[in-house]
Amino acid sequence: MSIVFSRIDDRLIHGQVVTTWANMHRIEQIIILNDKVAGDKTQKNILKMSAPQGIKVQAFPVEKFGEIIKKNEITRRTMLLFTTSVDVLRAMNAGIPIDSLNIGGMRFQEGRQRLSKALAVTDEEKQAFQELLDNKLDITIQMVPNDEKVNLKEVIQ
């Protein structure tokens, strides 16, 4: 299994992801796990164009990808990219192996509770994070590699 990095970033592919994290982990492929993105051909094309040359970008519905990896080995160094903790929990429940999780950003907007500068959650997302922590997933908040890592356990109540 070549999943080397898993990240939540509601902006998906943007400068920080592709230039810092992808280089740091020598990523060859980014797989976006989100039902809405997977069903939006225009957004998928934009995301593919946003990635640096040489990095393959694919988007799948969460449970569908769980079925795919049971039958197909991932051979490229892969980053899993999510928009919410709910999708991460669904992925783990679908059997997708995630060893640790980096939170790069879930932006604040109306109806969300701010937990840190980079992280604001709905009640459903907060509950999903709590379940992930209860399942012993190592979760840190870190927008870019030079930022200090903050353990999610320190900011979630």
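Biologist: Which strand or helix gives the most to the lining of the largest pocket?
Modeller: Strand E1 gives the most, with four residues. Please note that this is a predicted model, in which local features need pLDDT of at least 70 and side-chain atom pairs count only at pLDDT 80 or more, while totals for chains, interfaces and linings use all residues. Residues are numbered from 1 along each chain as its sequence is written, and side-chain values use heavy atoms, with hydrogens and water left out.

Biologist: What volume does the largest pocket have?
Modeller: Its volume is about 230 Å³. Of the 15 residues that line this pocket, the closest to its centre are Phe 5, His 25, Ser 100, Leu 101 and Asn 102. A pocket here is an open set of points on a 1 Å grid over the protein atoms alone, where a 1.4 Å probe fits, with protein on both sides within 12 Å along at least five of seven lines; lining residues have an atom within 4 Å of a point.

Biologist: How do the lining residues divide into nonpolar, polar and charged?
Modeller: Six are nonpolar, six polar and three charged. Asp, Glu, Lys and Arg count as charged; Ala, Val, Leu, Ile, Met, Phe, Trp, Tyr, Cys and Pro as nonpolar; and the others, Gly among them, as polar.

Biologist: Changing topic, how many aromatic pairs are there?
Modeller: The structure holds two. One of them is the stacked pair of Phe 5 and Trp 21, at 4.8 Å centre to centre and 20 degrees between the planes. Rings of Phe, Tyr and Trp (its six-membered ring) pair if their centres lie within 6.5 Å, and planes under 30 degrees apart count as stacked, over 60 as edge-to-face and the rest as tilted.

Biologist: Is Trp 21 buried or exposed?
Modeller: Trp 21 is buried, with a relative accessible area of 2%. Buried means under 20% relative accessible area, exposed over 50%, and partly exposed in between (1.4 Å probe, protein chains only).

Biologist: And which residues are linked in a network of salt bridges?
Modeller: The network links Asp 35, Glu 63, Asp 87 and Arg 90. A salt bridge is a side-chain nitrogen of Lys or Arg within 4 Å of a carboxyl oxygen of Asp or Glu. Glu 63 and Arg 90 meet at 2.4 Å, N to O. Glu 63 lies in helix H4 and Arg 90 in helix H5, so this pair ties together parts that are 27 residues apart in sequence.

Technical notes. Points joined across faces, edges and corners; volume = space filled by probe spheres on them. Helix = DSSP H or I, 4+ residues; strand = E, 2+ residues; numbered from the N terminus.
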